[in-house]
Amino acid sequence: MARSSEKSSTPKQPGRFKQMWQVFQMTRRYDSSAQWLMLLGFLAPIIVGVVLGIVLGNGNGFTIALWVVAGVLAGVLIALIILGRLAEKAAYSQIEGQPGAVGAVLRSSLRRGWIGSEMPVAVNGKTQDAVYRAVGRGGIVLIAEGASSRTARMLEDEKRKIGRILPNVPVEFVTVGRGEGEVPLHKIPRSLSRIKNTLSKAEVLAINNRLSSLGTQLPIPKGIDPFKVRPQRGR
């Protein structure tokens with residue numbers, strides 16, 4: 001009896017299509033153009049498929065139908081890709097500016113070849129400004145979370161610390177924000193991928209292992225998971 005009551009009290013997880021609908025609703029709430037971009041991404045391959053079927057099918061109905069089906073499948077795929085990109089941007093917009101937001105991006109959205117941690121390497125306990133670190137084939141990137149006027153010294157201090165043990169590894173700075181010269185939260189992975197490769201994969205792993213021994217200046221809670229944040233209801 002106890003087991004049956006526990007099972008009945010466990011909330012049922014929404015199905016795949018319901019989850020997608022919830023993601024779409026959240027995305028549309030933050031970006032009103034989302035539905036039109038998805039519609040364009042869905043219809044464009046279908047139109048191309050119809051045109052190619054007519055041109056290359058030589059009047060064969062079966063061939064034309066295959067091209068149309070291929071266009072529909074491609075349209076569904078492109079629409080889902082667009083939804084995924086826009087949903088990620090909308091999710092991160094909800095946590096932008098909050099402590100730990102950069103850690104959430106480094107944990108879940110870094111592209112291949114980059115290693116990052118959701119825990120910062122330096123923290124200012126008074127202002128909650130933080131510096132995070134990512135290591136990739138482009139070198140070491142220090143990412144500041146907070147106003148650039150306050151985090152500039154933190155970045156330089158961390159760079160000097162790295163220089164003492166890895167003097168020949170390039171170190172770059174990224175400041176997250178909306179100001180001039182700053183990088184929006186959702187564009188961090190793209191910004192890192194644009195850095196010119198200077199290290200091999202083996203060197204990246206060796207450097208990351210060496211840096212792990214430095215630790216952090218102040219332990220703080222783990223970063224926010226943007227995909228668990230409940231969207232705000234419209235007023």
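Which side chains meet in a salt bridge at 3.7 Å, N to O? Let's work up to that and more in the exercises below.

The model is predicted: local features need pLDDT of at least 70, side-chain atom pairs count only at pLDDT 80 or more, and totals for chains, interfaces and linings use all residues. Residues are numbered from 1 along each chain as its sequence is written, and side-chain values use heavy atoms, with hydrogens and water left out.

**Exercise 1. Trace the salt-bridge network around glutamate 158.**

Step 1. Start with the opening question: the partners are glutamate 158 and arginine 133. A salt bridge here is a side-chain nitrogen of Lys or Arg within 4 Å of a carboxyl oxygen of Asp or Glu.

Step 2. Glutamate 158 sits in helix H6 (residues 148-165) and arginine 133 in strand S3 (residues 130-136), so the pair links distant parts of the chain, 25 residues apart. Helices (H or I, at least four residues) and strands (E, at least two) are DSSP runs, numbered from the N terminus.

Step 3. Look for another partner. Glutamate 158 also meets lysine 161 in a salt bridge of 3.4 Å, N to O. Both residues lie in helix H6, three residues apart, about one turn of the helix.

Step 4. Join them up: salt bridges with shared partners make one network of Arg133, Glu158 and Lys161.

Step 5. Check the burial. Glutamate 158 has a relative accessible area of 1%, arginine 133 has 13% and lysine 161 has 18%. Each counts as buried because buried means under 20% relative accessible area, with exposed over 50% and partly exposed in between (1.4 Å probe, protein chains only).

Step 6. Finish with a distance: the C-alpha atoms of lysine 161 and leucine 211 are 9.9 Å apart, although 50 residues separate them along the chain.

**Exercise 2. Describe the salt bridge between glutamate 118 and arginine 107.**

Step 1. Count first: the structure holds five salt bridges. In this one, the side chains meet at 2.7 Å, N to O.

Step 2. Locate the ends. Glutamate 118 is in the loop between strand S1 (114-116) and strand S2 (122-123), while arginine 107 is in helix H5 (residues 101-108), eleven residues away.

Step 3. Are the two ends buried or partly exposed? Glutamate 118 is buried at 15% relative accessibility, whereas arginine 107 is partly exposed at 36%.

**Exercise 3. Find what lines the second largest pocket.**

Step 1. Take the volume, about 250 Å³. Grid points are joined across faces, edges and corners, and a volume is the space filled by probe spheres set on the points.

Step 2. Apply the pocket rule: on a 1 Å grid over the protein atoms alone, a pocket is an open set with protein on both sides within 12 Å along at least five of seven lines, whereas a cavity is a set of points where a 1.4 Å probe fits but cannot get out; lining residues have an atom within 4 Å of a point.

Step 3. List the lining: Arg85, Leu86, Glu88, Lys89, Ser109, Arg111, His186, Lys187, Pro189 and Arg190. Helix H4 (61-95) and helix H7 (188-193) are the elements that give two or more residues, and H4 supplies the largest share, four residues.

Step 4. Sort by class: six are charged (Asp, Glu, Lys and Arg), two nonpolar (Ala, Val, Leu, Ile, Met, Phe, Trp, Tyr, Cys and Pro) and two polar (the others, Gly among them).
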